[in-house]
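Please look over the model shown below, with its sequence, before reading on. The briefing that follows goes through its surface, its fold, its helices and its charged pairs.

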Amino acid sequence: MKKEITINDFSKFLFWDVDLNGFNFEEHKSHLIQKVLEYGFITDWNLLKELYGLETIKEVSLNLRSLDAVTLSYLSAIFKIDKTEFRCYKHRQLYLNLWNS
């Protein structure tokens, strides 16, 4: 018998800025997915896959406004999607970044 996944199963440091009392997995889906993708451990990634499934993670990640370069490369590889299809990639191209060029 599988136990139900709660927000307390994820790493605590991911949600230092969130009131967990009112956290709703459906309502805060994109926030949770982005936090786990960029800052989570592999255990958090496995919980995320179990909670939402890869298809939902793919849909949400394609529409996130920002992802770091490593996360973007990882998602591009596992979903077999070109980086240019991600919204965060397109958004990054709009603004010239002189510090990290």
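Which residues form a nonpolar patch on the surface, and with how much accessible area together? Phe13, Tyr39 and Phe41 form this patch, and together they have about 350 Å² of accessible area. This is a predicted model, in which local features need pLDDT of at least 70 and side-chain atom pairs count only at pLDDT 80 or more, while totals for chains, interfaces and linings use all residues. Residues are numbered from 1 along each chain as its sequence is written, and side-chain values use heavy atoms, with hydrogens and water left out.

**Surface**

- A patch is made of residues with over 30% relative accessible area and no salt bridge, where like charges are joined within 9 Å and nonpolar side chains (Val, Leu, Ile, Met, Phe, Trp, Tyr) within 5 Å.
- Phe13, a member of the nonpolar patch, lies in the segment before H1 and is partly exposed, with a relative accessible area of 39%.
- The accessible surface of the protein chain comes to about 7,100 Å², with areas from the Shrake-Rupley method with a 1.4 Å probe, and for residues only the protein chains shown count as cover.
- Carbon and sulfur atoms hold 54% of that accessible surface.

**Overall fold**

- The protein chain has five helices and zero strands, which read along the sequence as α-α-α-α-α; helices (H or I, at least four residues) and strands (E, at least two) are DSSP runs, numbered from the N terminus.
- Of the 101 residues of the protein chain, 33% count as buried, where buried means under 20% relative accessible area, exposed over 50%, and partly exposed in between (1.4 Å probe, protein chains only).
- Among contacts (heavy atoms within 4.5 Å) in the protein chain with a separation of 6 or more, 45% come from residues 24 or more positions apart.

**Helices H1 and H2**

- In helix H1, which spans residues 29–39, the buried residues are Lys29, Leu32, Ile33, Lys35, Val36, Leu37 and Glu38, and what covers them includes helix H2 (42–52), helix H3 (54–62) and helix H4 (69–79).
- In H2, Asp44, Trp45, Leu47, Leu48 and Tyr52 are buried; they cover an arc of only 165° around the axis, which puts them on the same side of H2, the arc being that of the directions from the helix axis to the C-beta atoms.
- The buried residues of H2 pack against H1, H3 and H4, and H2 is followed by Gly53, whose phi is positive, near 90°.

**Salt bridges**

- A search of the whole structure finds three salt bridges, each defined as a side-chain nitrogen of Lys or Arg within 4 Å of a carboxyl oxygen of Asp or Glu.
- Lys35 counts as buried at 11% relative accessibility, whereas Asp17, at 42%, counts as partly exposed.
- Lys29 forms a salt bridge with Glu26, with the closest N and O atoms 2.9 Å apart, and Glu26 is exposed, with a relative accessible area of 53%.
- Glu55 forms a salt bridge with Lys58 at a closest N and O separation of 3.8 Å, and both residues lie in helix H3, three residues apart, about one turn of the helix.
- Glu55 is partly exposed, with a relative accessible area of 47%, and Lys58 also counts as partly exposed, at 21% relative accessibility.
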